[in-house]
Amino acid sequence: MTEALALALRYAFRRLKLHRLEANIQPENTHSIKLVKRLEFLREGYSRRYLRIRGEWRDHERWAVLAEDWVSGAPSVAVT
């Protein structure tokens, strides 16, 4: 997943010229949180009752990475 997300970031920032990408992740999803941390996302906030999943409102952490931050410190993932 690290390599796949790194490729998606490269495409989004270099090819599509997007300014930022966000990931909203349920706090108990530690694997996804570790993944976005590896790719230099920063935690920007906490959204209470953000999304209804299987009939229940779920809280989410909001993570984001900006193009200029990602380019300046490109991830330590080998992507060719």
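**Exercise 1. The chain as a whole**

Task: State how many helices and strands the protein chain has, and in what pattern they follow one another.

Solution. Step 1: the protein chain contains three helices and three strands. The model is a predicted one. Step 2: going along the sequence, the elements come in the pattern α-β-α-β-β-α. Step 3: the chain has 80 residues, and 29% of them count as buried. Step 4: among the contacts with a separation of 6 or more, 61% are between residues 24 or more positions apart.

**Exercise 2. The sheet**

Task: Work out the order of the strands in the sheet and how they pair.

Solution. Step 1: the three strands make an open sheet in the order β1-β3-β2, and the pairing is antiparallel. Step 2: β1 (20-25) and β2 (42-53) are the edge strands, each pairing on one side only. Step 3: on average, neighbouring strands of this sheet are turned by 30° against each other, direction ignored.

Step 1: take the pair β1 and β3. Strand β3 covers residues 56-66, and six bridges join it to β1, the two running antiparallel.

Step 2: take the pair β2 and β3. These strands pair over eight bridges, also in the antiparallel sense. Here R43 has W63 in β3 as its bridge partner. β2 and β3 form a hairpin, with two residues between them.

**Exercise 3. Helix α1**

Task: Describe the length of α1, its buried residues and its place against the sheet.

Solution. Step 1: α1 has 14 residues, and the distance from its first C-alpha to its last is 19 Å. That is close to the 20 Å expected at 1.5 Å a residue. Step 2: the buried residues in α1 are T2, A6, L9, A12 and F13. Around the axis they cover an arc of only 130°, so they are on the same side of α1.

Step 1: α1 (residues 2-15) packs on the sheet, where it touches β1 and β3. The direction of α1 makes about 145° with that of β1.

**Exercise 4. Helix α2**

Task: Find which residues of α2 are buried, which are exposed, and what the buried ones pack against.

Solution. Step 1: in α2 (residues 30-38), the buried residues are I33, L35 and V36. Step 2: seen down the axis of α2, these fall within an arc of 160°, and therefore line one face of the helix. Step 3: the face turned away from the buried side carries H31 and K37, which are exposed. Step 4: α1, β1 and β3 are what the buried residues of α2 pack against.

**Exercise 5. The surroundings of H60**

Task: Decide whether H60 is buried or exposed, and list what it touches.

Solution. Step 1: H60 has its place in strand β3. Step 2: the relative accessibility of H60 is 3%; buried means under 20%, so H60 counts as buried. Step 3: the side chain of H60 reaches the backbone oxygen of R58 at 3.2 Å.

Step 2: leaving out residues up to four places away in sequence, H60 touches N24, I25, Q26, P27, G45, Y46, S47, Y50, L51 and I53. Of these contacts, N24 and I25 are in the stretch of β1 (20-25). G45, Y46, S47, Y50, L51 and I53 are in the stretch of β2 (42-53).

**Exercise 6. Residues with positive phi**

Task: Locate K17, R54 and E40 in the chain and give the phi of each.

Solution. Step 1: K17 is in the loop between α1 and β1, just after α1. Although K17 is not a glycine, its phi is positive, at about 60°. The relative accessibility of K17 is 64%; exposed means over 50%, so K17 counts as exposed.

Step 1: R54 is in the loop between β2 and β3, in the turn of the hairpin. R54 is not a glycine either, and its positive phi is about 50°. With a relative accessibility of 79%, R54 also counts as exposed, because this value is over 50%.

Step 2: E40 follows α2, and its phi is positive, near 70°.

Note on methods: Residues are numbered from 1 along each chain as its sequence is written. Side-chain values use heavy atoms; hydrogens and water are left out. Two strands pair if DSSP finds at least two bridges between them. Helices (H or I, at least four residues) and strands (E, at least two) are DSSP runs, numbered from the N terminus. Axes are lines fitted to C-alpha atoms, for helices over the stretch in contact, and angles run from 0 to 180 degrees between N-to-C directions. Contact means heavy atoms within 4.5 Å. The expected span of a helix is 1.5 Å times one less than its number of residues. Buried means under 20% relative accessible area, exposed over 50%, partly exposed in between (1.4 Å probe, protein chains only). The arc is that of the directions from the helix axis to the C-beta atoms. A polar contact is a pair of N or O atoms within 3.5 Å; within protein, one must be able to donate a hydrogen and the other to accept it, and residues adjacent in sequence count only if both atoms are side-chain atoms.
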